[in-house]
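This report concerns the structure shown below. Please keep the sequence and the model at hand while reading.

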Amino acid sequence: QMGEKTVFGTKDGMLAVWDGKKVYSLGPAAYNGPVRDLTAMPDGNKVYGVAGHDDDLGIVFSYSEEEGLRWMGHVMYAPPSEEGAFNLTTLSACAVSPDGKCLAVANCDRLGQILYYAL
């Protein structure tokens, strides 16, 4: 929910806005796969989301009236004490902290991790 507008995602990866009277598309939130989850900032001025197909890399995106729809990129985790890095493929959920300072992104592939980002 963004003020009086509702932002929603589709199974084919599109993002749309409903203003109470009409629906309009913002375009693709991901290059393939469904929009899996959306979360809004506490002030309702920005939405974050995760999308992507099970067999590809998931993507994090954001939308606001001021900045439009933005792809923020893929999620990678590089443990500080180990070699290598892991791409989180099937991003399944996201949430903004109540103070709006942190974004949590979770995946539901075999690694099952939650990563936190400062906003």
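The text that follows treats the sheet, the salt bridges, a surface patch and the cysteines in turn.

The model is predicted, so local features are reported at pLDDT of at least 70 and side-chain atom pairs only at pLDDT 80 or more, whereas totals for chains, interfaces and linings use all residues. Numbering runs from 1 along each chain as its sequence is written, and side-chain values use heavy atoms, with hydrogens and water left out.

An open sheet is formed by 4 strands in the order 4-5-6-7, with antiparallel pairing. The edges are taken by strand 4 (35-40) and strand 7 (68-73); each has a single partner strand, so one side of each is left without a neighbour in the sheet. On average, neighbouring strands of this sheet are turned by 25 degrees against each other, direction ignored. Such angles are taken between axes, which are lines fitted to C-alpha atoms (for helices over the stretch in contact), and run from 0 to 180 degrees between N-to-C directions. Strands are DSSP runs of E with at least two residues, numbered from the N terminus, and two of them count as paired if DSSP finds at least two bridges between them. Strand 4 and strand 5 (residues 46-51) are joined in the antiparallel sense over 5 bridges. Leu38 has Gly49 of strand 5 opposite to it.

**Salt bridges**

The structure contains 3 salt bridges, the term being applied when a side-chain nitrogen of Lys or Arg is within 4 Å of a carboxyl oxygen of Asp or Glu.

| Glu65 | Lys5 | 3.3 Å |

In the pair of Lys5 and Glu65, distant parts of the chain are linked: Lys5 belongs to the segment before strand 1 (6-9) and Glu65 to the loop between strand 6 (59-64) and strand 7, 60 residues apart. Relative accessibility is 26% for Lys5, which counts as partly exposed, and 49% for Glu65, also partly exposed. Here buried means under 20% relative accessible area, exposed means over 50%, and partly exposed lies in between (1.4 Å probe, protein chains only).

Asp54 is partly exposed at 46%, and Arg36 is partly exposed at 29%.

Glu67 lies in the loop between strand 6 and strand 7 and Lys46 in strand 5, so parts 21 residues apart in sequence are tied together. Glu67 is partly exposed, at 33% relative accessibility.

**Surface patch**

Phe8, Trp18 and Val23 make up a nonpolar surface patch, with about 280 Å² of accessible area together. Patch members have over 30% relative accessible area and no salt bridge; nonpolar side chains (Val, Leu, Ile, Met, Phe, Trp, Tyr) are joined within 5 Å, like charges within 9 Å. Areas come from the Shrake-Rupley method with a 1.4 Å probe, and for residues only the protein chains shown count as cover. Val23 belongs to strand 3 (residues 23-28) and is exposed at 51%.

**Cysteines**

With a disulfide defined as a pair of cysteine sulfur atoms within 2.5 Å, the count is 0 disulfides. The cysteine sulfur closest to that of Cys94 is in Cys102, 12 Å away and therefore too far for a bond. Cys94 is buried, at 8% relative accessible area, while Cys102 is partly exposed, at 22%.
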